[in-house]
Amino acid sequence: MKADWIFGPICGNKTRDRIREDTVLEDYPLYCPKCKQESLIEAENLRISVIKAPDAKTQSR
């Protein structure tokens, strides 16, 4: 089995997580300790894609 480190999508540095070829992630909150940003990612077959989630809006009454 091949395993690779997950790199942060914002800064490109290595995170503390690794994935294998058979790993499937959906809506995984990836935290980068270097830039202190959190991103939602999906991963399958060692391919990682960033999920662009809309920000929450405040409700007005």
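The legends below describe several close-up views of one predicted model.

Residues are numbered from 1 along each chain as its sequence is written. In this predicted model, local features need pLDDT of at least 70, side-chain atom pairs count only at pLDDT 80 or more, and totals for chains, interfaces and linings use all residues, while side-chain values use heavy atoms, with hydrogens and water left out.

**View 1. The chain as a whole contains five strands and zero helices.** Helices (H or I, at least four residues) and strands (E, at least two) are DSSP runs, numbered from the N terminus. Read from that end, the elements follow the order β-β-β-β-β. The chain has 61 residues, of which 16% count as buried; buried means under 20% relative accessible area, exposed means over 50%, and partly exposed lies in between (1.4 Å probe, protein chains only). Contact means heavy atoms within 4.5 Å. Among contacts between residues at least 6 apart in sequence, 20% join residues at least 24 apart.

**View 2. Three strands form an open sheet in the order S3-S4-S5, with antiparallel pairing.** Strand S3 (24–32) and S5 stand at the edges with a single partner strand each, so one side of each has no neighbour in the sheet. From one strand to the next, the twist averages 35 degrees; axes are lines fitted to C-alpha atoms, for helices over the stretch in contact, and angles run from 0 to 180 degrees between N-to-C directions. Strands of a sheet pair through backbone hydrogen bonds, either parallel or antiparallel. Two strands count as paired if DSSP finds at least two bridges between them. S3 and S4 are joined in the antiparallel sense by seven bridges, and Leu25 stands opposite Ala43 in S4.

**View 3. S4 and S5 form a hairpin with two residues between them.** Strand S4 covers residues 37–44 and strand S5 covers residues 47–50, and the two pair in the antiparallel sense over four bridges. Ile41 has Val50 in S5 as its bridge partner. In the turn, Asn45 has a positive phi of about 55 degrees. Leu40 is also found in strand S4, and Leu40 is partly exposed, with a relative accessible area of 31%. The C-alpha atoms of Leu40 and Leu30 are 6.0 Å apart, although the two are ten residues apart in sequence.

**View 4. Thr15 in strand S2 (residues 14–20) is the subject of this view.** Its relative accessibility is 4%, so Thr15 counts as buried. The side chain of Thr15 reaches the backbone oxygen of Ile6 at 2.7 Å. This is a polar contact, a pair of N or O atoms within 3.5 Å; within protein, one must be able to donate a hydrogen and the other to accept it, and residues adjacent in sequence count only if both atoms are side-chain atoms. Leaving aside neighbours within four places in sequence, Thr15 is in contact with several residues, among them Trp5, Phe7, Leu30 and Cys32.

**View 5. Gly8 lies in the loop between strand S1 (3–7) and S2.** Gly8 counts as buried because its relative accessibility is 5%. Apart from neighbours within four places in sequence, Gly8 is in contact with Asn13 and Thr15.

**View 6. Arg18 lies over the face of Trp5, at 5.0 Å from the ring centre.** A charge sits over a ring if NZ of Lys or CZ of Arg is within 6 Å of the ring centre and within 35 degrees of the ring normal.
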